[in-house]
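Please walk me through this model.

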Amino acid sequence: MGASQARYQQEYHDLVDKSGFSLEQIKNLHYRFHQLSGNNETISKGNLDIIPALEDNPIKSQIIDAFFDKRNQRQNETGSCEEIGFEQFVMVMSHFRPPPSPMTDAEKEAVRSLKLRFLFNMHDTGSDGTITLEEYRKVVEELLSKSEHMEEEVTKDIADAAMLEVASTNVPHMGPDEFYEGITFEHFQQILKDLEIESRMHIRFLDVDTTTMHCGKFSS
Amino acid sequence: MTSRSSSRSRAGFARRLPERGLLLLVLLVLLEGTVLPLGAASSPDVGHAEHPSEHGAEPGGHNITKKAFPVLSLDYDHVRLPFEIALWVLLASLMKLGFHLVPRLSNIVPESCLLIVVGLVVGGLIKLAGEKVPPVMNANVFFLCLLPPIILDAGYFLPIRPFMENLGTILMFAVVGTLWNAFFIGGLLYAVCQIQPANPSDLHLIGLLPCLLFGSIISAVDPVAVLAVFEEIHINELLHILVFGESLLNDAVTVVLYHLFEEFAGVGTVTLMECFLGFISFLVVALGGVLVGAIYGILAAFTSRFTSHTRVIEPLFVFVYSYMAYLSSEMFHLSGIMALISCGAVMRPYVEANISHKSHTTIKYFLKMWSSVSETLIFIFLGVATVDGPHSWNWTFVTVTVILCLVARVIGVVGLTFFMNKFRIVKLTTKDQFIIAYGGLRGAIAFALGFLLDKEHFPMREMFLTAIITVIFFTVFVQGMTIKPLVDLLAVKKKQEAKRSINEEIHTQFLDHLLTGIEDICGHYGHHHWKDKLNRFNKKYVKKCLIAGERAKEPQLIAFYHKMEMKQAIELVESGGGAKLPSAVPSTVSMQNIQPKKPLPKTAERALPQLPKGREEEIRKILRSNLQKTRQRLHSYNRHTLVVDPYEDGVTNFIKKQKMIQLEKKIKEMNKYLTVPSAAPDSPTMCRARLASDPQAYNVKLDSGKVPTIQVDLASPQSPDSVNVMDEFIKADAGDEDSGLMMKPPRKPGEEDGARDQQKLTRCLSDPGPSADEDEDEPFLP
């Protein structure tokens, strides 16, 4: 018992360094991980699939895939895994950490880049480094998948218009014969730079220090 | 008067004469107002003498002298009130016009200051003429007529997302900040009044409660003043919504404090029980106001569901329901301002989905017009009332008040920000705090509340009024004038004019769902979870009730996309074709650059002659600048329908297309006749009209299939009705008399070659488009 506690402590400290969470948050996340995995060491897609609250989410499958995507582990690997352990779970969650409060511009850029990279990976299902028109169309389709009133044509148009916008902003002077391959990560950053992702893409993690109202803690 | 004519003379000799005429006219009419009441006395005699002389025999020996039949008579009393109101409104509007004729002045001095000066001048003139200044700052007039349009305008166009995101901070500033200000100022004023025992002055007589009452009147940040000044400095959205939101929500606090202290100032003491009741009262006032507003908002939304057959009166419902919300809450002494805000905010998404495009424009412009006139009138009246009001100047009281206001505001803002930064993700920096503190302007509401004070209970009412006016003048003039250079000096982030792009919209929605999903995986019910639940509830039940027909089920992304397309189409037509580009970066990218390319068939290439590269480039450039840009924009509504006026029904497809092309070219000349100006100068109202409602500008009812449409399909050579570019040029050369509908190509050297090149280029530039992507084998000229 003592030995495993010590092992956990060591693991936790490693994770604190790697992910930037506090010890308290890591413990809470571990508790949640155990809940999801049914006290196993790893979770698979099936474990996440059965969360009832996710049913109404239109991009449910993309979110679940993101957990199993190796690109989000910041180790320069590609592909996806079948199961993930706690460490991978925490690494994915670390993308949603609230940013540390006073940030220099360089830090802000780094955080924004990291979060945008996560979003980019979610869209780029082909893992080729660009978001093609087909992939983008799929994104819009998924977004509108839960609404009843869906026209094929409009979905395609929206994706086309969005693509056109990215192309116009980033490569304004294209000859008529050139072909815009797809949205690269730089273009993606450029088009979303006004959204201030670093301050919007976060959730408040449970922590003794954070002053949040948590109603309904830990119910799945 | 001297200031006005000197400013006129600066404007140049050519302008002097009509403006002097204007000035004379205004003066004449005003003076008439003083002369006419004297003349009015005689008119009833004329009227009465008329009567008996008509009936022939008069019993009782009236000695009636038969007067001549009055061809022209004067009866001013009959129209006195409406006439004077109209006169004031006219004066206000003319002043607004006048300021913009002198551009330099309006850059240095904010409009509100100029208007107060005008009010002072007018008040001075009236006093000089010996007339009694009309009691324009009558509380009824102010609170029931002048204030509601401004608040409704603010509430209807309130940007909901930033408001909700910062709601905690706003409430903190509004409630705690105002309370702090009121008690600090009131308490310290009382303390100051009590010192100087050597010089017994009137100040001794002021009790604690009147001081606190005064403190509560003067402590509230005024929405009218904030709007007037902040509109001109284009500060970033966060600061704007913080200060503005605070000025709106502190109304509840002000109402409660005012009534509380007014009630108990008579009695003289306040017990703890009464404080507790005051607190309860605050909750009732605030929440009650919001509730009343929400109820009327839902009623308005529900009513708008059925207005599809009576489009003309749609705007009326919006205005009347909102005004009723205001009046109802004022009736119960609840917060009228909060009622108006919640009514506007609640009804807007549903009403906009139901009403027609024209009604939407009507509502927008009426609200802007009324609020603009109201604001102008308020400032002018402030000036007039300053000249009129009985004043009692007391150096100590006034200076201490001004200083205390500033100090209290600064301490309050700094303290509250320190506290709120613990909870905020986007922290407020020192610069932000300075702007928030500096932007706490007082305005006419404080004056009106002071005016309402009863003279018997508050013998020092005049001193209060003088102090209030001094504070208002100080904040509006000093702070109002210096805030703009300070903003530039401190390099505070300004408002970004960036248009909302479709990518941002997609990703905003994507982020919302993503964060909700992550919260669910974490098992943590954060505010994303609840926001998502609210949205789903809204979509499932509320929208079905309140929105008519098909629109109820339209997802937000699609609605946004349609609005954007409509806006682009309208912009295109208004800007006269390719002259002005909607996007900031001129771009030659078109749809074909994105679609996967198809290889050009060999037969087509062989049929076309070879050209020297240079010539080709030149001609390509010419055409590109006209055709391709048009096509790029047109493609966005290529397969979507442009709704046509019913009386264009009989026009054939071909002529429709011609008209479209020709219209774009011709509109350049006709630009000045368009009612919507294309490039607005930096005036507050124009900015308000432009910025406040930007992403939601136009709504279109797509009743597809039932409405005659224009299919703009410029470059599909295979359709028999297509624009045959070659034919156009040939006809133009032949000098067809029906030249009105022909497209005139740009006359450049090498035209004969150009004619042939057009073919090749039109092929190259031809946009297959998703619907017409086969049959490129067909030769261009059959």
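Buried means under 20% relative accessible area, exposed over 50%, and partly exposed in between (1.4 Å probe, protein chains only). Helices (H or I, at least four residues) and strands (E, at least two) are DSSP runs, numbered from the N terminus. This is a predicted model, in which local features need pLDDT of at least 70 and side-chain atom pairs count only at pLDDT 80 or more, while totals for chains, interfaces and linings use all residues. Residues are numbered from 1 along each chain as its sequence is written, chains are lettered from A and ligands numbered from 1 in the order in which they are written, and side-chain values use heavy atoms, with hydrogens and water left out.

Chain B has 30 helices and two strands. Of its 782 residues, 50% are buried. Contact means heavy atoms within 4.5 Å. Among the contacts in chain B with a separation of 6 or more, 84% join residues 24 or more positions apart.

One of the helices of chain B is H14(B), residues 314-331. Its 18 residues reach 26 Å from the first C-alpha to the last, close to the 26 Å expected at 1.5 Å a residue; the expected span is 1.5 Å times one less than the number of residues. The buried residues of H14(B) include Glu314(B), Pro315(B), Phe319(B), Tyr321(B) and Tyr326(B). Among the elements that cover the buried residues of H14(B) are helices H7 (139-156), H13 (272-304), H15 (336-354) and H16 (357-388) of chain B.

After H14(B) comes His333(B), in the loop between H14 and H15 of chain B. Most residues other than glycine have a negative phi. His333(B) counts as partly exposed because its relative accessibility is 47%. A positive phi, near 50°, is also found at His234(B), in the loop between helix H11 (223-233) and H12 of chain B. His234(B) has 16% relative accessibility and therefore counts as buried.

A nonpolar core is a set of buried Ala, Val, Leu, Ile, Met, Phe, Trp, Tyr and Cys residues joined through side-chain atoms within 4.5 Å. The largest has 139 residues, and those with the most contacts inside it are Trp88(B), Phe142(B), Phe143(B), Leu147(B) and Phe397(B). Helix H12 (residues 237-267) of chain B gives the most to this core, with 16 residues. Leaving aside neighbours within four places in sequence, Phe143(B) is in contact with Pro148(B), Tyr326(B), Ile445(B), Ala448(B), Leu449(B) and Leu452(B). Apart from this core lies another, of 69 residues, among them Phe89(A), Ala162(A), Tyr180(A) and Cys522(B).

Which side chain makes a polar contact with that of Thr169(B)? The partner is the side chain of Arg424(B), at 2.7 Å. A polar contact is a pair of N or O atoms within 3.5 Å; within protein, one must be able to donate a hydrogen and the other to accept it, and residues adjacent in sequence count only if both atoms are side-chain atoms. Thr169(B) is placed in helix H9 (residues 167-194) of chain B, and counts as buried because its relative accessibility is 3%.

Chain A averages a pLDDT of 76, with 85% of the residues scoring at least 70; pLDDT is the predictor's confidence in each residue, from 0 to 100. Over residues 208-220 of chain A the pLDDT is below 50. Where pLDDT is low, the predicted coordinates should not be read in detail.
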